[in-house]
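Take a walk through this fold, from its overall layout to a few local details. Keep the sequence beside the model as you read.

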Amino acid sequence: MARLRAARLQTRHGALGASVVIGVVWALWHIPKFLTAGSAQDYSFWLYLVDTVAKAVLFTWVFNSTAGSLLMVTLLHASLNTSAVFLPILPAAVGDVGPTMISVVLHCAAAVAVVLATGPARLSRTSSPADQPQDSVKNVPRPPGPGQTG
């Protein structure tokens, strides 16, 4: 389902536009963390928004470069979350926003490099899942319907 939504967004807005939409929605989803006292998100929401949009560009690049693999995107997401836990970059752990700023700048630089290397329309050197016909999502086994045998 998520794969089809991402492909549809890319068809309408291009890969970069879809990444911006996904990044903004993703940042808005995390607003409650910024409103919770004692949360690790004790820095500017706008900084988080910029970082999230940059990460969304990187996730779209991975998604498109792996023929729409949500597993690869999930592993990237998990690795970024894990690194934030084990590396002292969040202001709650360090008491300073400096390391967070460095992380955001690096994510933005990587996102800009991806856009320049692959182009904003696809964010991939190969065809994106949005370029593939919808019936190409046939690797998922479907259970037989009522009255059908498997």
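The paragraphs below go from the chain as a whole to a histidine, a helix and a pocket.

The model is predicted: local features need pLDDT of at least 70, side-chain atom pairs count only at pLDDT 80 or more, and totals for chains, interfaces and linings use all residues. Residues are numbered from 1 along each chain as its sequence is written, and side-chain values use heavy atoms, with hydrogens and water left out.

The protein chain has 6 helices and 0 strands. Helices here are DSSP runs of H or I with at least four residues, strands are runs of E with at least two, and numbering starts at the N terminus. The pattern along the sequence is α-α-α-α-α-α. Of the 150 residues, 36% are buried (under 20% relative accessible area with a 1.4 Å probe, protein chains only; exposed is over 50%, partly exposed in between).

Start at His-30. It sits in the loop between helix 1 (2-29) and helix 2 (31-35). Is His-30 buried or exposed? His-30 is buried, because its relative accessible area is 18%. A polar atom of its side chain lies 2.9 Å from the backbone oxygen of Trp-26. The side chain of His-30 also makes a polar contact of 3.2 Å with that of Tyr-48. A polar contact is a pair of N or O atoms within 3.5 Å; within protein, one must be able to donate a hydrogen and the other to accept it, and residues adjacent in sequence count only if both atoms are side-chain atoms.

The structure holds 6 aromatic pairs (rings of Phe, Tyr and Trp, the last by its six-membered ring, with centres within 6.5 Å).

Now turn to helix 4. At its start, a side-chain oxygen of Ser-69 comes to within 3.4 Å of the backbone nitrogen of Leu-71.

Helix 4 gives the most, with 6 residues. The pocket has 23 lining residues; nearest its centre are Lys-55, Leu-80, Asn-81, Ala-84 and Leu-90. A pocket is an open set of points on a 1 Å grid over the protein atoms alone, where a 1.4 Å probe fits, with protein on both sides within 12 Å along at least five of seven lines; lining residues have an atom within 4 Å of a point.

Conventions. Phe/Tyr/Trp six-rings, centres within 6.5 Å; stacked < 30°, edge-to-face > 60°.
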